[in-house]
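I opened a new notebook page for this protein. My plan is to look up a few residues and write down what I find.

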Amino acid sequence: MKVSNYNLLILGAIWSTIFITIQSVPNGHLEPLGSHRPKEGSVASLDNVPFPRDFYYNYVLTSTPVIFRGAAKLSKGFKLWSDGYLREHYGNEMVRVDYGKKENRDRAADEMPLAEFLSFYNTSDRYLIDTLPTAMWKEFSLPRCLLCGGFTDALQDSVLWFSSGGTKSHLHNDKVENINCLLSGEKTWFFVDAENSKRIEMDHKEGEYCSVNVDSVDMYKYPSLQVIPWWSAEIKAGDCIYVPYGWAHQVNSLSRNLAVNIWWSPGIAFNDTECEAPLQRELNNFHFTHGEMLRFQAIQIINEHGGAISFEQINALIVHEHTGERLITRERFALLDNNSDGVLAEEDLRKLSTDIIEEAFGGTPPGEVNVIGKSVIRDQVLTDLLSELPEQPPHIEEFLLRPDKLPQEIETFLEKHNRELPKELNEYLKMKMTATKPNKDNEHYEL
């Protein structure tokens, strides 16, 4: 068959267009997070835990993550916390359990006894994330690097993370200082340094996290992730890792996974007085306070407003992340404004006790405080549907409330659970699937 020169020209033009379009697809598009470019390197590790002064000046002040190999082995819980031991000694402790292993901040956790969680977690997607029960504090040790110099005065929370593995967090920024100690399993970390973290599209300002699908990154929706430099870290059972304030990260867990992290407030000034740190001390020797972190948050706002802020300004900015409630009422503002001049300065907050600070924030934990006036945005159509219908099974509710559902995920879910769903929810999901499918005219060719 003969092909005319004209047809060849047309064919060539078509293939050139396709080639150019394919070439324009960003590296890592619809691939796992970190596929867009080689990593800058791996987080450094130490075979011992530094003294507090060295830790402060070499890592905290320089905003440098570091792994302490074997540090978690000093905690009694490293050897003791088998499922059987936890069931026998702490089975009645109440804990909060998420439904899915892929993080979903839009669905409230379920509260249950630890023994109940232990009875099914190995054969389910359930994931325990909660403050470490105080009864267990005597079996977890604070690492030596935090034992003096002012760190213990700024301790905010200790959080227990427990699953059968396979969990995936959002890409997020905790806005606290953090040491995560792994007692069982393995974790892999994707890190972005503090400066580059500011470039990430944190599309959930109410929680300082990015709802990008970490298994299939849409580089068009999140263009900063096309070029962002990143670091990796891997920790095994017995290791601890320091995560500096401001470093965005995403974490995956493997096998039975049990970890405790320690959060403390940023911005402490190191105090050398009587700083003779022992190798470790159990957590029950220390006091946790929200006041220092709340003080830090308020001072940040004050400094961003030129060193002084009025009631009207701070009232609009500090809200409850889940409800939108304005936390600093006039009465609470008066608690902070100790010289009654109508404005808040850093000096005012430095003079106050942590108890007064906590009272002024209405007893709200720092993790539920938003300092840019943003709260969780709910899908009102779905909210109304769920309030009108009978309570849905947890696996149905978890999927419905997941914010980053892809069209193919909805389609698969409908195929699997169509018979379980009320007609109204079935129609709602079909509507969402249609609304989130890409426009055929604007689809990109994929490699």
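**Entry 1: the disulfide.** I found that C181 and C240 form a disulfide, with their sulfur atoms 2.1 Å apart. I used the rule that a disulfide is a pair of cysteine sulfur atoms within 2.5 Å. By this rule I count 1 disulfide. C181 lies in strand β10 (residues 177-192) and C240 in strand β13 (residues 240-243), so the pair ties together parts that are 59 residues apart in sequence. I noted the angle about the S-S bond as 110°, and the link of C181 and C240 is right-handed.

**Entry 2: ground rules.** I am working with a predicted model, so I noted that local features need pLDDT of at least 70, that side-chain atom pairs count only at pLDDT 80 or more, and that totals for chains, interfaces and linings use all residues. Residues are numbered from 1 along each chain as its sequence is written, and side-chain values use heavy atoms, with hydrogens and water left out. Helices (H or I, at least four residues) and strands (E, at least two) are DSSP runs, numbered from the N terminus.

**Entry 3: buried cysteines.** Are C181 and C240 buried or exposed? I found both C181 and C240 buried. Buried means under 20% relative accessible area, exposed over 50%, and partly exposed in between (1.4 Å probe, protein chains only). C145 is in no disulfide; its nearest cysteine sulfur, that of C240, is 8.1 Å away. C145 is buried, with a relative accessible area of 0%. C210 also counts as buried, at 0% relative accessibility.

**Entry 4: Y57.** I located Y57 in helix α2 (residues 52-60). Y57 counts as partly exposed at 36% relative accessibility. Setting aside neighbours within four places in sequence, I found Y57 in contact (heavy atoms within 4.5 Å) with T62 and F270. Y57 and F270 are 213 residues apart in sequence, and 8.7 Å apart in space, C-alpha to C-alpha.

**Entry 5: helix α14.** I looked at helix α14 (residues 407-417) and found P407, I410, F413, L414 and H417 buried. They cover an arc of only 125° around the axis, so they sit on the same side of α14. The arc is that of the directions from the helix axis to the C-beta atoms. E415 and K416 are exposed on the other side of α14.

**Entry 6: H172.** I placed H172 in strand β9 (residues 171-172). H172 counts as buried at 8% relative accessibility. Its side chain reaches the backbone oxygen of H170 at 2.7 Å.

Key
A polar contact is a pair of N or O atoms within 3.5 Å; within protein, one must be able to donate a hydrogen and the other to accept it, and residues adjacent in sequence count only if both atoms are side-chain atoms.
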